[in-house]
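I opened this notebook to record, step by step, what I looked up in the structure and what I found there.

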Amino acid sequence: MFGNITVGQYLPGNSVIHRLDPRIKIVIAVLFIVAIFLVVDVFGYLVAGLFGVMAVLLSGIQPRVIIRGLRPVIFILALTVVLHLFMNQGRPIFSIGPLVATWEGFRLGLFMGTRIVFLILFTSLLTLTTSPVALTDGLERLLKPFQRIGLPAHELAMMMTIALRFIPTLLEEAEKIMKAQMARGADFQSGNLFARAKSLVPLLVPLFVSAFRRADELATAMEARCYRGGKGRTRMKQLVAAPRDIAALFLTVSLVGVMIYLRHRAG
């Protein structure tokens with residue numbers, strides 16, 4: 001159940017995407033995520049889809065790994081489509097009592113579901129192809145100019161990276177706790193949606209206890225290594241943008257420009 005979530009996991013590799021500068025990968029992911037919320041027609045989504053397929057192929061990540069990461073959000077995708085189907089006015093398809101399904105709602109629901117898929121796709125690709133250390137360095141370097149206004153760039157980057165890194169760890173812990181409780185007779189599968197949600201309550205208490213314990217252990221380990229924040233820290237590996245990084249950024253900016261142009265043309 002929880003093992004299908006790929007956000008926060010890292011798979012070592014030597015692909016083109018793995019070798020990109022982490023700063024460039026973060027900027028590309030942000031640009032693409034912003035761009036997909038500007039898309040309003042089929043052609044824009046086709047451009048985004050081609051870009052996504054190209055990124056997956058260049059990353060060397062097996063497509064089944066990406067598809068597996070979409071399984072936990074199938075319910076959210078279906079709920080998004082259903083809500084838009086019945087909550088938008090337009091040409092009717094069918095009706096269930098006072099609820100009327102429309103073609104316009106179905107179209108908007110598909111578009112919103114596609115956006116969610118793209119969000120998960122590029123967030124997963126970013127973490128799957130970037131090590132936690134590289135991700136921290138990239139975030140810190142991108143946030144460094146904001147230190148002039150008092151933003152703690154290093155601490156914020158470290159906090160965000162630790163949060164991402166602990167997603168698969170906590171999910172693995174939740175899986176172990178669930179299996180242990182099922183061995184003792186707990187039932188997480190039967191019943192309606194509310195019954196299943198209620199059955200997960202006993203899972204939350206040991207999960208929170210485990211999370212606080214891991215956080216305390218991490219804090220102790222960092223103090224034992226004399227961690228005192230980002231002030232005065234040096235790096236063994238300096239981030240330097242290579243020609244492939246500039247080419248990847250230029251390609252992304254070009255595709256985003258095409259998507260924005262398609263939006264204005266549709267409008």
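Before placing any residue, I noted that helices are DSSP runs of H or I with at least four residues, numbered from the N terminus. I also noted that this is a predicted model.

Entry 1: I looked up Asp137 and found its place in helix α7, which covers residues 132–143. Is Asp137 buried or exposed? Its relative accessibility is 16%, so Asp137 counts as buried, since buried means under 20%. I then checked Asp137 against Lys237, which is 100 residues away along the chain, and read 9.5 Å between their C-alpha atoms.

**Entry 2: aromatic rings.** I searched the whole structure for aromatic pairs, and the search returned seven. One of them joins Phe32 and Phe118 edge-to-face, with 5.9 Å from centre to centre and 85° between the planes. Because Phe32 lies in helix α2 (residues 22–36) and Phe118 in helix α6 (residues 103–128), this pair ties together parts that are 86 residues apart in sequence.

**Entry 3: two helices.** I turned next to helix α4 (residues 63–70) and α6, whose axes come within 10 Å and cross at roughly 125°. That angle makes α4 oblique to α6, and I recorded the crossing as right-handed. On the α4 side I listed Val65, Ile66, Gly69 and Leu70, which meet Val117, Ile120, Leu121, Leu125 and Leu128 in α6. Sorted by class, this contact has eight nonpolar residues, one polar residue and no charged ones.

Terms used: Residues are numbered from 1 along each chain as its sequence is written. This is a predicted model: local features need pLDDT of at least 70, side-chain atom pairs count only at pLDDT 80 or more; totals for chains, interfaces and linings use all residues. Side-chain values use heavy atoms; hydrogens and water are left out. Rings of Phe, Tyr and Trp (its six-membered ring) pair if their centres lie within 6.5 Å; planes under 30 degrees apart count as stacked, over 60 as edge-to-face and the rest as tilted. Buried means under 20% relative accessible area, exposed over 50%, partly exposed in between (1.4 Å probe, protein chains only). Axes are lines fitted to C-alpha atoms, for helices over the stretch in contact, and angles run from 0 to 180 degrees between N-to-C directions. Angles under 35 degrees count as roughly parallel, over 145 as roughly antiparallel, 65 to 115 as roughly perpendicular and the rest as oblique. A crossing is left-handed if the near helix is turned anticlockwise from the far one by less than a right angle, and right-handed if clockwise. Contact means heavy atoms within 4.5 Å. Ala, Val, Leu, Ile, Met, Phe, Trp, Tyr, Cys and Pro count as nonpolar, Asp, Glu, Lys and Arg as charged, and the others, Gly among them, as polar.
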